[in-house]
Amino acid sequence: MPILLGAKLRLPAKVLVRIAELEIDPAQLEAYKAAVTEEIETSIRIEAGVLAIYSVALKEKPAHLRFFEIYADEKAYRQHLESPHFKKYVDVTRSMITARRLFETEPLSLSAKPR
(Lines give C-alpha, C1' and ligand atoms only; values in the text may rest on other atoms or scores of the structure.)
Protein backbone atom coordinates (compact mmCIF):
# COMPACT_ATOMS: atom_id res chain seq x y z
CA MET A 1 0.00 0.00 0.00
CA PRO A 2 2.06 3.01 -1.21
CA ILE A 3 1.97 6.13 0.89
CA LEU A 4 4.19 8.21 -1.35
CA LEU A 5 6.51 7.37 -4.20
CA GLY A 6 8.98 10.03 -5.23
CA ALA A 7 12.10 9.69 -7.34
CA LYS A 8 14.47 11.49 -9.66
CA LEU A 9 15.14 9.91 -13.02
CA ARG A 10 18.90 9.39 -13.29
CA LEU A 11 21.00 7.43 -10.81
CA PRO A 12 24.77 7.89 -10.54
CA ALA A 13 26.98 4.79 -10.73
CA LYS A 14 27.72 4.72 -6.99
CA VAL A 15 24.76 5.45 -4.74
CA LEU A 16 23.91 4.94 -1.08
CA VAL A 17 20.73 2.93 -0.41
CA ARG A 18 19.07 2.82 3.00
CA ILE A 19 16.12 0.72 4.09
CA ALA A 20 14.09 1.46 7.19
CA GLU A 21 11.28 -0.40 8.95
CA LEU A 22 9.10 1.74 11.20
CA GLU A 23 6.12 0.95 13.37
CA ILE A 24 3.79 3.86 14.01
CA ASP A 25 1.31 4.30 16.85
CA PRO A 26 -1.98 3.46 15.07
CA ALA A 27 -3.76 6.35 16.80
CA GLN A 28 -1.25 8.75 15.20
CA LEU A 29 -0.93 7.09 11.78
CA GLU A 30 -2.72 9.78 9.76
CA ALA A 31 -0.67 12.55 11.38
CA TYR A 32 2.49 10.54 10.70
CA LYS A 33 1.56 10.07 7.03
CA ALA A 34 1.04 13.82 6.64
CA ALA A 35 4.40 14.61 8.26
CA VAL A 36 6.38 12.03 6.28
CA THR A 37 4.70 13.02 3.00
CA GLU A 38 5.72 16.64 3.56
CA GLU A 39 9.28 15.59 4.40
CA ILE A 40 9.62 13.30 1.36
CA GLU A 41 8.17 15.84 -1.06
CA THR A 42 10.49 18.56 0.25
CA SER A 43 13.55 16.29 0.15
CA ILE A 44 12.92 15.22 -3.46
CA ARG A 45 12.16 18.79 -4.54
CA ILE A 46 15.09 20.68 -2.97
CA GLU A 47 17.89 18.19 -2.25
CA ALA A 48 19.86 17.30 -5.37
CA GLY A 49 21.47 14.36 -3.57
CA VAL A 50 18.17 12.75 -2.55
CA LEU A 51 17.44 10.63 -5.60
CA ALA A 52 14.47 8.57 -4.42
CA ILE A 53 12.40 7.89 -1.34
CA TYR A 54 9.74 5.21 -1.40
CA SER A 55 7.39 4.68 1.53
CA VAL A 56 4.92 1.81 1.75
CA ALA A 57 2.69 0.26 4.42
CA LEU A 58 2.11 -3.44 4.87
CA LYS A 59 -1.42 -4.32 3.68
CA GLU A 60 -2.34 -6.35 6.75
CA LYS A 61 -0.52 -4.00 9.15
CA PRO A 62 -0.97 -0.40 7.91
CA ALA A 63 1.01 1.05 10.83
CA HIS A 64 4.08 -0.99 9.76
CA LEU A 65 5.96 1.08 7.20
CA ARG A 66 8.95 0.36 4.97
CA PHE A 67 11.18 2.99 3.40
CA PHE A 68 13.58 2.58 0.48
CA GLU A 69 15.84 5.60 0.09
CA ILE A 70 18.47 6.33 -2.56
CA TYR A 71 21.10 9.03 -2.09
CA ALA A 72 23.77 10.15 -4.55
CA ASP A 73 26.47 9.29 -2.00
CA GLU A 74 27.32 9.30 1.71
CA LYS A 75 27.73 13.09 1.69
CA ALA A 76 24.22 13.58 0.29
CA TYR A 77 22.83 11.28 2.98
CA ARG A 78 24.61 13.20 5.75
CA GLN A 79 23.38 16.52 4.30
CA HIS A 80 19.84 15.14 4.27
CA LEU A 81 20.07 14.25 7.96
CA GLU A 82 21.14 17.84 8.73
CA SER A 83 18.47 19.52 6.58
CA PRO A 84 15.88 21.70 8.37
CA HIS A 85 12.94 19.76 6.90
CA PHE A 86 14.35 16.40 8.08
CA LYS A 87 15.00 17.78 11.56
CA LYS A 88 11.42 19.09 11.63
CA TYR A 89 10.14 15.64 10.63
CA VAL A 90 12.18 14.03 13.44
CA ASP A 91 10.80 16.48 16.02
CA VAL A 92 7.20 16.18 14.86
CA THR A 93 7.15 12.36 14.57
CA ARG A 94 9.32 11.36 17.55
CA SER A 95 6.32 10.38 19.70
CA MET A 96 4.54 8.66 16.80
CA ILE A 97 7.23 6.05 16.06
CA THR A 98 7.07 3.02 18.36
CA ALA A 99 9.83 0.96 16.70
CA ARG A 100 12.55 1.56 14.08
CA ARG A 101 15.10 -0.62 12.32
CA LEU A 102 17.62 0.83 9.86
CA PHE A 103 19.52 -1.27 7.33
CA GLU A 104 22.62 -0.45 5.35
CA THR A 105 22.70 -2.10 1.94
CA GLU A 106 24.95 -2.88 -0.98
CA PRO A 107 23.10 -1.99 -4.21
CA LEU A 108 23.21 -4.80 -6.77
CA SER A 109 21.00 -3.47 -9.56
CA LEU A 110 18.85 -0.34 -9.65
CA SER A 111 16.76 0.52 -12.69
CA ALA A 112 13.72 2.58 -13.50
CA LYS A 113 11.76 3.28 -16.66
CA PRO A 114 12.02 6.85 -17.92
CA ARG A 115 8.83 8.83 -17.57
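H2 and H3 pack with their axes 5 Å apart, at an angle of about 55°. Axes are lines fitted to C-alpha atoms, for helices over the stretch in contact, and angles run from 0 to 180 degrees between N-to-C directions. H2 and H3 are therefore oblique to each other (under 35 degrees counts as roughly parallel, over 145 as roughly antiparallel, 65 to 115 as roughly perpendicular and the rest as oblique).

This is a predicted model, in which local features need pLDDT of at least 70 and side-chain atom pairs count only at pLDDT 80 or more, while totals for chains, interfaces and linings use all residues. Residues are numbered from 1 along each chain as its sequence is written, and side-chain values use heavy atoms, with hydrogens and water left out.

Now show the side chains where these two helices touch. His 80, Leu 81 and Glu 82 in H2 are in contact (heavy atoms within 4.5 Å) with Pro 84, His 85, Phe 86 and Lys 87 in H3.

The axes of H1 and H3 cross at roughly 170° and come within 9 Å. That makes H1 roughly antiparallel to H3. Residues of H1 that meet H3 include Tyr 32, Val 36, Thr 42 and Ile 46. On the H3 side, the residues include Phe 86, Tyr 89 and Val 92.

Stay on H1 and select Glu 30 and Lys 33. They form a salt bridge, with the closest N and O atoms 3.5 Å apart (a side-chain nitrogen of Lys or Arg within 4 Å of a carboxyl oxygen of Asp or Glu). Because Glu 30 and Lys 33 are three residues apart in helix H1, about one helical turn separates them. The structure holds nine salt bridges.

Last, go to the largest pocket, which has about 310 Å³ of space. On a 1 Å grid over the protein atoms alone, a pocket is an open set of points where a 1.4 Å probe fits, with protein on both sides within 12 Å along at least five of seven lines; lining residues have an atom within 4 Å of a point. Of its 20 lining residues, the closest to the centre are Ala 20, Glu 69, Phe 86, Tyr 89 and Leu 102.

Key:
Points joined across faces, edges and corners; volume = space filled by probe spheres on them. Helix = DSSP H or I, 4+ residues; strand = E, 2+ residues; numbered from the N terminus.
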